[in-house]
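Visitor: I am new here and would like a tour. Could you take my questions one at a time?

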Amino acid sequence: MDDKIEARLATLGIVLPEAASPVANYVPTLLSGNLLYVSGQVSKAADGSIIRGCLGNNMAVAQGQEAARHCALNILAQARAALGRLDRIQQIVRLTGFVNSAPDFTDHPQVINGASDVMVEILGDAGRHTRAAVGVSSLPLGCAVEIDAIIQFAA
């Protein structure tokens, strides 16, 4: 079956990583009705390295955006594993972004734009979503960003 999103990824030169296995007592995805809930995906690059850092301390916004971009690609990898094909995605409904940040850092939305922008780049209007962007004092493995998602899909 023709998968337009996979073709779009190839055109953009983007290769999704393998969907990561959970590292604790949770499931990476959960299907409920026509919604796919994707557990928080950390800023892990395709080579398996964790993008670590604290925004406003030892990381610039552009580095945080790159970390958020990797979170979004990991979300899509989980969606592909759960749904079989990315073309089943009808809409990214919501992204919730957590930014490892210094107490006086306030550019959380700009950091999470790294994820939002790549979702729209890959999925077009189906990638437009609601979202929250919040700062936290730490994240698992010292990662810079963690993002979870709610995705509407077609049967």
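Predicted model: local features only at pLDDT ≥ 70, side-chain atom pairs only at ≥ 80, totals over all residues.

Visitor: In what order do the five strands of the open sheet lie?

Guide: The edge strands are β1 (29-32) and β4 (130-136), and each of them pairs on one side only. Pairing in this open sheet of five strands is mixed. Read across, the order is β1-β2-β5-β3-β4.

Visitor: Which residue of β5 is the bridge partner of Y37?

Guide: Strand β2 covers residues 35-42, and strand β5 covers residues 145-153. These two strands pair in the antiparallel sense over six bridges. For Y37, the bridge partner in β5 is I150.

Visitor: Do β3 and β4 pair in the parallel or the antiparallel sense?

Guide: In general, strands of a sheet pair through backbone hydrogen bonds, in either sense. With β5, strand β3 pairs in the antiparallel sense over nine bridges. On the β4 side, R94 stands opposite T130. There, β3 and β4 share seven bridges, and the sense is parallel.

Visitor: What is the handedness of the β-α-β crossover from β3 to β4?

Guide: Helix α3 (residues 108-123) packs on the sheet and touches β3, β4 and β5. Its direction makes about 155° with that of β3. The chain goes from β3 through α3 to β4, and this crossover is right-handed.

Visitor: At what angle does α2 run to β5?

Guide: Helix α2 spans residues 61-83. It lies across β1, β2, β3 (89-100) and β5. Its angle to β5 is about 40°.

Visitor: Which residue of β5 does I89 stand opposite?

Guide: I89 is one of the core residues that touch the most other members, along with I122, L123, V145, I147 and I151. Leaving aside neighbours within four places in sequence, the contacts of I89 include L76, A79 and L83, and also L123 and I151. Across the strand pairing, I89 stands opposite F153.

Visitor: Is E6 buried, partly exposed or exposed?

Guide: Buried would need a relative accessible area under 20%, and exposed one over 50%. E6 has 26% relative accessibility, so this residue is partly exposed. The class of E6, then, is partly exposed.

Visitor: How many salt bridges does the structure hold?

Guide: Besides the pair E6 and R80, R85 forms one with D87, where the closest N and O atoms are 3.9 Å apart. Another joins the side chains of R128 and D125 at 3.2 Å, N to O. D125 is exposed, with a relative accessible area of 59%. The number of salt bridges in the structure is three.

Terms used: Residues numbered from 1 in each chain as written. Heavy atoms only, no water. Salt bridge = Lys/Arg side-chain N within 4 Å of Asp/Glu carboxyl O. Helix = DSSP H or I, 4+ residues; strand = E, 2+ residues; numbered from the N terminus. Buried < 20%, exposed > 50% of the residue type's maximum accessible area, 1.4 Å probe, protein only. Pairing = 2+ DSSP bridges. Contact = heavy atoms within 4.5 Å. Axes fitted to C-alpha atoms, helices over the stretch in contact; angles between N-to-C directions. Core = buried A, V, L, I, M, F, W, Y, C linked by side-chain atoms within 4.5 Å. Right-handed = clockwise from strand over helix to strand, strands pointing away.
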